[in-house]
Amino acid sequence: MNKLYEKYIKKESLPTLFCPGCGNGIIQIAAMEAMEKLNCKDDVACVSGIGCSSWIPCYYKLDVIHTMHGRAIAFAEGLKLSRPDKKIMVFTGDGDCMAIGGNHLLHAAQRNIDLTVVMVNNYIYGMTGGQKSPTTPVGAKTKTSPYGCIDEPMNACKLVMSLGASYVARWTTAHPIQLAKAIAEGLDHKGFSFIEVLSQCPVQAGKNVWGEKEPAKIMEKYKESTYLYKIGSDDPTGAVAEKNAEGKIPIGLFKHEQNAKEYLERVEEKLAQSGIAR
Amino acid sequence: MANITIDKACCKGCNICLSVCPKNIFVKSRQRNNYGTAMPAVENPDQCITCRMCERLCPDGAIDVEK
């Protein structure tokens, strides 16, 4: 058993409910590694919504709220306002975060409130049986798009960057070291940190999107279909595009703005200006 | 020489470890895990370079590498 499980996982609830080869377990271990790196286990609280990815924090020996579908970020904002001393980590999926909870994502990013959102993007609604999600690629035949998906997929990183999130990164489950580093940086960063993780769902997305059920081969595809984006590189199609000219998806750190004002700082400033004592 | 153990109770037989190991230490075997699928076996553990990629990429945390 992994050494970190002793410290972070409720072992009586093992094995996890994830299917064999699911990327959620890799993200679970990466987040544990990030907490271990910062040594901040006692300061972290987790919030999650509904979906396979929202089961990730439920196995942690931490304070966890498993909330309604799509409302994870709304609950997390409330928790942050009442306990500003805690580092709040939100685990959410692509459907949870961008379809039903899209509005909460927009406003949390715009406020630049100090949350670390880990969005697990598996390109499909996995838990409910493989319906089309906002990130499903064009042409994918799913249960709810039997003739092939016709909508352009949403680009979550571009969306939150345009609204003013101050830490934005995208990694895949095939890059676990970089992912753990990004989550650690996100936890350490003061402001809205958004980390999109491209993950494999060998059961639903494997059948409908990739046409490939071997998790290792889907991870290999992720390695082949991505390229490393560097801030300041003059690639015009970089972070803002869903794909570059060769059809590759940019991964890496897209934005890290350390001087952006955080929401709670602005609240305190306004209260001090108005002469309201806390 | 590294001591590699695979937890029978955690492993679900997804075979990710077989493809990520740069030295191909994991091989297919007929042994079953508690989940009911075939779990990998460890072959030639003395070739292990302790990169710990299998530890990080095992979704169920079944692999432990000790130096």
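**Figure 1. The contact between chain B and chain A in the predicted model.** Chain B brings 19 residues to this contact, and chain A brings 20 residues. On the side of chain B that touches chain A, the elements giving two or more residues are helix H1 (16–20) and helix H2 (53–57) of chain B. Sorted by class, this side of chain B holds eight nonpolar, five polar and six charged residues. For the complex, the predictor gives an ipTM of 0.93 and a pTM of 0.92.

**Figure 2. Helix H9 (residues 215–224) of chain A and its buried residues.** The buried residues in this helix are Pro215(A), Ala216(A), Ile218(A), Met219(A) and Tyr222(A). These residues lie on the same side of H9(A), because the arc they cover around the axis is only 160°. An α-helix has 3.6 residues a turn, so residues three or four places apart point the same way. The cover over the buried residues of H9(A) includes parts of both chains. From chain A it includes strand S5 (167–172), strand S6 (193–198), helix H8 (204–210) and strand S7 (226–228). From chain B it includes H1, a helix that also gives two or more residues to the side of chain B that touches chain A.

Figure 3. Setting aside neighbours within four places in sequence, the contacts of Val90(A) are Val47(A), Ser48(A), Ala72(A), Ile73(A), Ala76(A), Leu115(A), Thr116(A), Val117(A) and Val118(A).

**Figure 4. The fold of chain A, with ten helices and eight strands.** Of the residues in chain A, 50% are buried. Among contacts in chain A with a separation of 6 or more, 67% join residues 24 or more positions apart.

**Figure 5. The fold of chain B, with two helices and four strands.** Along the sequence these elements follow the order β-α-β-β-α-β. The radius of gyration of chain B is 11 Å, close to the 11 Å that the globule rule gives for 67 residues, so chain B is as compact as a globular protein of that length. A box of roughly 30 × 20 × 20 Å, taken along the principal axes, is filled by the C-alpha atoms of chain B. Buried residues account for 39% of chain B. Of its contacts with a separation of 6 or more, 56% are between residues 24 or more positions apart. The mean pLDDT of chain B is 89, and 100% of its residues reach 70 or more.

**Figure 6. Gln31(B) in the loop between strand S2 (26–27) and strand S3 (41–42) of chain B.** Gln31(B) is exposed, because 12 other C-beta atoms lie within 10 Å and a residue with 12 or fewer counts as exposed. Not counting residues up to four places away in sequence, Gln31(B) touches Met39(B) and Ala41(B). Asp7(B) is 24 residues from Gln31(B) in sequence, and their C-alpha atoms are 12 Å apart in space.

Terms used:
Residues numbered from 1 in each chain as written. Chains lettered and ligands numbered in written order. Predicted model: local features only at pLDDT ≥ 70, side-chain atom pairs only at ≥ 80, totals over all residues. Rg over C-alpha atoms; globule rule 2.2 N^0.38 Å. Buried ≥ 20, exposed ≤ 12 C-beta atoms within 10 Å, placed from the backbone. Contact = placed C-beta atoms within 7 Å. pLDDT = per-residue confidence, 0-100. Nonpolar A, V, L, I, M, F, W, Y, C, P; charged D, E, K, R; others polar. Arc of directions from axis to C-beta.
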